[in-house]
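I opened this model to see how its chain is put together. My notes follow in the order in which I looked things up.

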Amino acid sequence: MSLRTCGSAEAWRGAPFRSLRAVLQSAALPDRLGAPLFAAVVETVLLYNAETWTLTASLEQQLDAAHSGLLRAAFGVHYQQHVSNAELYGRSGLAPPSLLLRKRRLQLQGTSCAPRPAGLS
């Protein structure tokens, strides 16, 4: 399974992301507002139902690469500028999706393993 078979990568090709990118790259929108907008729109679609995916190391790398690529496009960072992913994530205040998914899975596991209150069977 690859990121392309999940449909997430295909969802952002073409007009939908171009129109969002125009908003995110607008000079009137500061980075402090662009990052939450990116998280609300792009991460929501990219990571939809991702807690149920079987993530291999390869798929994690593909997911992180797709996310950082979309983040670079959204913030107008070109590959020629030599901005590292750490700098990119620092600037945006966002975390790589692989870390978000690990956190979500731990929360889900904690919820399912929590002791039941007395009186419930």
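**Cores.** I began with the largest nonpolar core, which has 13 residues. A nonpolar core here is a set of buried Ala, Val, Leu, Ile, Met, Phe, Trp, Tyr and Cys residues joined through side-chain atoms within 4.5 Å. Buried means under 20% relative accessible area, exposed over 50%, and partly exposed in between (1.4 Å probe, protein chains only). Leu-24, Phe-38, Val-42, Leu-71, Ala-74, Phe-75 and Leu-94 have the most contacts inside this core. The most comes from α5, with four residues. Another core lies apart from it and has eight residues, including Trp-53, Leu-59, Leu-63 and Leu-101.

**Ground rules.** I noted that this is a predicted model, where local features need pLDDT of at least 70, side-chain atom pairs count only at pLDDT 80 or more, and totals for chains, interfaces and linings use all residues. Residues are numbered from 1 along each chain as its sequence is written, and side-chain values use heavy atoms, with hydrogens and water left out.

**Whole chain.** I counted seven helices and zero strands. Helices (H or I, at least four residues) and strands (E, at least two) are DSSP runs, numbered from the N terminus. Of the 121 residues in the chain, 30% are buried. I also looked at contacts, meaning heavy atoms within 4.5 Å. Among those between residues at least 6 apart in sequence, 64% join residues at least 24 apart.

**Helix α6.** Which residues of α6 are buried? I found Leu-88, Tyr-89 and Ser-92. They cover an arc of only 95° around the axis, so they sit on the same side of α6. The arc is that of the directions from the helix axis to the C-beta atoms. The face turned away from this buried side carries the exposed residues Ala-86 and Gly-90. Just after α6, Gly-93 takes a positive phi of about 75°.

**His-67.** I found this residue in helix α5. Is His-67 buried or exposed? His-67 counts as buried because its relative accessibility is 0%. I left aside its neighbours within four places in sequence and listed the contacts of His-67: Phe-38, Glu-43, Leu-46, Tyr-89, Ala-95 and Pro-97.

**Salt bridge.** I looked for a side-chain nitrogen of Lys or Arg within 4 Å of a carboxyl oxygen of Asp or Glu, which defines a salt bridge. The count comes to one. Arg-102 and Glu-60 form it through their side chains (2.7 Å, N to O). Arg-102 lies in helix α7 (residues 97-113) and Glu-60 in helix α5, so the pair ties together parts that are 42 residues apart in sequence. Arg-102 is partly exposed, at 44% relative accessibility. Glu-60 counts as buried, at 18%.

**Positive phi.** Most residues other than glycine have a negative phi. I noted Asn-49, which has a positive phi of about 60° although it is not a glycine. Asn-49 lies in the loop between α4 and α5 and is partly exposed, at 43% relative accessibility. I noted His-82 as well, where phi is positive and near 55°. His-82 lies in the loop between α5 and α6. With a relative accessible area of 69%, His-82 is exposed.
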